[in-house]
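Please have the sequence and the structure open while reading.

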Amino acid sequence: MTDEIRRAERARALRHAYTPPDTVTAPATLRQLRYGWPLLWGHPGPDLLAWSRSIPLDGLPRGVLDALAALDEGTVTVAVASTLTEAFADAAADTRLTSDVRDDCQEYASRCRFSTAWLGDYANSVLAMHETDVYLGGTFDDCERRALMVTRTEFSYLGHQILQGGHDPKHPVPRAQMRERAWQDLLSESEVVRFCAALDQGETRSAIRAVVRRGPVRDDTGTDPRDPDFDPLDLGDEVAGPPPDTLLALPRLGAGLKPDALKELKAAVGAIVGKHLPLVTVPASWAGFVAALDAEFPQFADVTRAIVRLQGGRRTWGGLRVILTGPPGAGKTRYVRRLCELAGLHLARIPCDASADNSSVAATPRRWQTGHPCRALAEMVASMTANPAMLLDELGRASGTQQSNGGRLYDALVGMTDPENASAYHDQFVEAQADLSHVPWIATANDVASVPAALLDRFVQLDCALPGPEHLRILAPQVSREACRQRGLDEAWGTLDETDLSLLAQHWRGGSMRRLARLVDVLMAVRLDPSSGPRH
């Protein structure tokens, strides 16, 4: 797998995280507006007014408070919005205020600048375009850069509309249509850039060819400058080392194998023997990765940042051994699935509560009728990567005894998750050593009392809290969309309005995600029942 393929896989995994929703039920943040989120009710005035009522007022100077009061008195005009933008910008530069307040005011000024631009102020449309360009310069994730490039071009297009008198602030702002036009403009520009770059490259190589000294034909060399396929830049093949970001996970099979045994092993693991498998690289932008997870799992914000810290400084995923502990229904398993999806990691779920022995993770000898390699090697074959993620679900409920033939799952994991042993793990099935050191191990458990201390010592324990009522507006739409997918319905059918959210809030005051899912199922069932009449 080449770097370009891995880059494309990461982009496909993260693309939907930067795809704005069709509608919003609350004013978008500055970051969300940069990513293309729509305005509340589609109008910049009501959107700015609703946003201004949602920000904390503690520590704001008098000038800002007066501007907010003027905004609250009547119709939001471009003059009122511009005054508020300037008030926040002045406060951001006021050294008498605390650094936290100045930082907040800087963000608020940029947020107001977006609204003022959509209200028809040309100067603020130009400033919003340049601010987006500056923010773009600090990002590296492809999907995030695409969203910001479109936003930058969108404000350029908005400025043109304002200059030509084609922008009416009384009408809804069709951000989706504006962004589609901006994207088409970017595609047109990129085609010109690619053409000119290819043209420049061709002229450069032609110039080099013109100065190459041409000697007599030497048929024995096969590199005559007069040959049409002669390339003066080709210095011949170099001895290549291992490709970057790869791992030789299984160098060889066991020695002295009989033909039948060798055939069996090649059928099971032959695809990875002696090959450098690619290692899935960490996100180019941790900020985008964290933002995507926070948007779906706000209750796990601390867990996400802890995992990022554990992977800090690495180019590829690996060395990760964490156990997520928390009450049932917190969403631990779903969180791990989404994390791996965003990371581009192949995920193998091992239901530990169904394991009566260690065969779900450990290898079994070939002499057994059910012989197989260890699960990590099997998943390397399935994914053709050297760092597939292993989810040990419900680790605290694993069974089995040390006296049984199958052994305990806990004991098998001790050797696999130990950093030193994992790099030279002896697999009984292939009768050779395998490198499992880059495999991420993520476990979930409601309780770890039954997990041996020797295994716990190899994991970092991260506590997962149940979501609270403040997370309902984020979590309920996700659960609703999932319910639609399970029923084969268009996700738009699961859109929740204020009445739906208020009804759910009466019956779910935080706690189990499973209970929230059941409540949403009831809501969906009522919608699908023709005898229930209109929704509201």
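## The lining of the pocket by class

The model is predicted. In its second largest pocket, the lining is made up of 18 nonpolar, 5 polar and 7 charged residues.

Altogether, 30 residues line the second largest pocket. Those nearest its centre are T19, P20, Y35, G36 and R179.

## Space and contributing helices

The second largest pocket holds about 670 Å³ of space.

Three helices each supply at least two residues of the lining of this pocket: α1 (3-14), α8 (142-163) and α9 (175-211). The largest share comes from α9, with 6 residues.

## How α3 and α6 are arranged

Helix α3 covers residues 44-52, and helix α6 covers residues 99-118. Their axes come within 9 Å and cross at roughly 160 degrees. Angles over 145 degrees count as roughly antiparallel, and α3 and α6 are therefore roughly antiparallel to each other. The crossing of α3 past α6 is left-handed.

## Residues where α3 meets α6

Which residues of α3 and α6 meet? From α3 they are P44, D47, L48 and W51. From α6 they are Y108, R111, C112, S115 and W118. By class, the residues of this contact are 6 nonpolar, 1 polar and 2 charged.

Note on methods
Residues numbered from 1 in each chain as written. Predicted model: local features only at pLDDT ≥ 70, side-chain atom pairs only at ≥ 80, totals over all residues. Heavy atoms only, no water. 1 Å grid on protein atoms, 1.4 Å probe; cavity = no way out; pocket = protein on both sides within 12 Å on 5 of 7 lines; lining within 4 Å. Points joined across faces, edges and corners; volume = space filled by probe spheres on them. Helix = DSSP H or I, 4+ residues; strand = E, 2+ residues; numbered from the N terminus. Nonpolar A, V, L, I, M, F, W, Y, C, P; charged D, E, K, R; others polar. Axes fitted to C-alpha atoms, helices over the stretch in contact; angles between N-to-C directions. Parallel < 35°, antiparallel > 145°, perpendicular 65-115°, else oblique. Left-handed = near helix turned anticlockwise from the far one by under 90°. Contact = heavy atoms within 4.5 Å.
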